[in-house]
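Visitor: I would like to go through this structure term by term. Please set each value against its cut-off.

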Amino acid sequence: MTPDEDRIAQLYAAFNDRAFDRCVAMMADDVTWPNEVEDGLIEGREAVRIYFSETTAPLLARYDLLSLHTGADGRVSSLTRQTIASANDGSLWSSTRVVHTFSLRNGLFTGMEAQQDWQGQAFPGVDALLARLHAGLNAGDAEAVTACYAPDARFVDTLEGGEIHGADAVRAHFSHLFETVRLRVTVEAYALEPDDRVRARLHIVTRGLGGGLWQDDVLTVWYRLERGLIAEQDIDDSDRDGNGP
């Protein structure tokens with residue numbers, strides 16, 4: 001996560017805590033922000049403060065950060081799950097995916113654009129994460145693979161049983177795996193599902209250290225993302241292509 005991407009994660013955390021002073025402190029004096037209640041544009045930090053604390057008062061908005069991507073122009077896009085509830089009784093009004101695109105200058109937010117009710121099945125930040133993960137798997141690089149997982153990630157060890165939980169356990173799991181086999185993983189396709197999980201169809205070739213073929217299969221792996229990293233994963237081998245030994 002780059003410094004600007006980390007700043008965005010901090011902004012969402014402050015907003016979810018309704019710590020609006022903390023949010024506004026991250027903004028430049030000349031910030032512009034969308035008014036999504038009245039469909040307009042807000043200019044200046046004080047106007048944003050009033051918007052957050054007064055205009056949105058009847059709402060309880062929460063943003064769960066799924067993925068981040070820094071574009072060639074330096075702007076950062078985030079994919080989030082936006083939930084809107086009543087501040088009076090907590091009843092849910094809406095739950096949708098949203099893409100926000102932020103502009104920053106010297107670590108301060110200068111603007112944001114929003115794409116509401118985003119229906120896409122792919123996102124550049126997810127592309128990049130899967131590319132880093134599978135490059136690490138193919139290189140047998142346990143550190144590179146571990147860096148793709150959240151600090152409290154958890155998943156079932158399908159080889160030896162039990163649950164892997166936390167960065168140290170993830171690192172130990174993949175270090176042991178790479179001491180045993182060599183992998184060649186290719187992403188054939190992936191899609192963002194309605195529940196925000198990433199469903200990836202993978203072609204996996206597994207060989208012993210001597211080069212002998214152990215496995216040649218197509219599997220589906222489900223990833224749940226938090227803050228641009230893998231928080232959970234589940235392997236579904238029901239669609240194996242039958243080419244395995």
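**Strands, charges and cover**

Guide: Strand β6 (residues 108–115) runs antiparallel to β5, and seven bridges join the two. This is a predicted model, in which local features need pLDDT of at least 70, side-chain atom pairs count only at pLDDT 80 or more, and totals for chains, interfaces and linings use all residues. Residues are numbered from 1 along each chain as its sequence is written, and side-chain values use heavy atoms, with hydrogens and water left out.

Visitor: What makes β5 and β6 a pair?

Guide: Two strands pair if DSSP finds at least two bridges between them. Seven bridges join β5 to β6, so the pair meets the definition. Arg105 stands opposite Leu108 in β6. The hairpin of β5 and β6 has two residues between the strands, and Asn106 in the turn has a positive phi of about 55°.

Visitor: How do you know that β4 and β5 pair, and in which sense?

Guide: Strand β4 (residues 76–86) and strand β5 (residues 92–105) share 10 bridges in the antiparallel sense. Thr80 has Val98 in β5 as its bridge partner. Five residues lie between the strands of this hairpin, where Gly90 takes a positive phi near 80°.

Visitor: Why is the contact between Asp21 and Arg49 called a salt bridge?

Guide: The term requires a side-chain nitrogen of Lys or Arg within 4 Å of a carboxyl oxygen of Asp or Glu. For Asp21 and Arg49 the N to O distance is 2.5 Å, so the pair qualifies. Asp21, Glu46 and Arg49 are linked in a network of salt bridges.

Visitor: What makes Arg22 and Asp17 a salt bridge, and how is each side chain classed?

Guide: Their N to O distance is 3.6 Å, so this pair also falls within the limit. Arg22, at 42% relative accessibility, is partly exposed, whereas Asp17, at 55%, is exposed.

Visitor: Why are Arg224 and Glu232 both called partly exposed?

Guide: Arg224 has a relative accessible area of 28% and is therefore partly exposed. Glu232 has 34%, so the term applies there too. The two side chains meet in a salt bridge of 3.0 Å, N to O.

Visitor: How many salt bridges are found in the whole structure?

Guide: The search finds 18 salt bridges.

Visitor: How much of the protein chain is buried?

Guide: Of the 245 residues, 44% are buried.

Visitor: What share of the contacts in the protein chain joins residues at least 24 apart?

Guide: A contact means heavy atoms within 4.5 Å. Among contacts between residues at least 6 apart in sequence, 47% join residues at least 24 apart.

Key. Buried means under 20% relative accessible area, exposed over 50%, partly exposed in between (1.4 Å probe, protein chains only). Helices (H or I, at least four residues) and strands (E, at least two) are DSSP runs, numbered from the N terminus.
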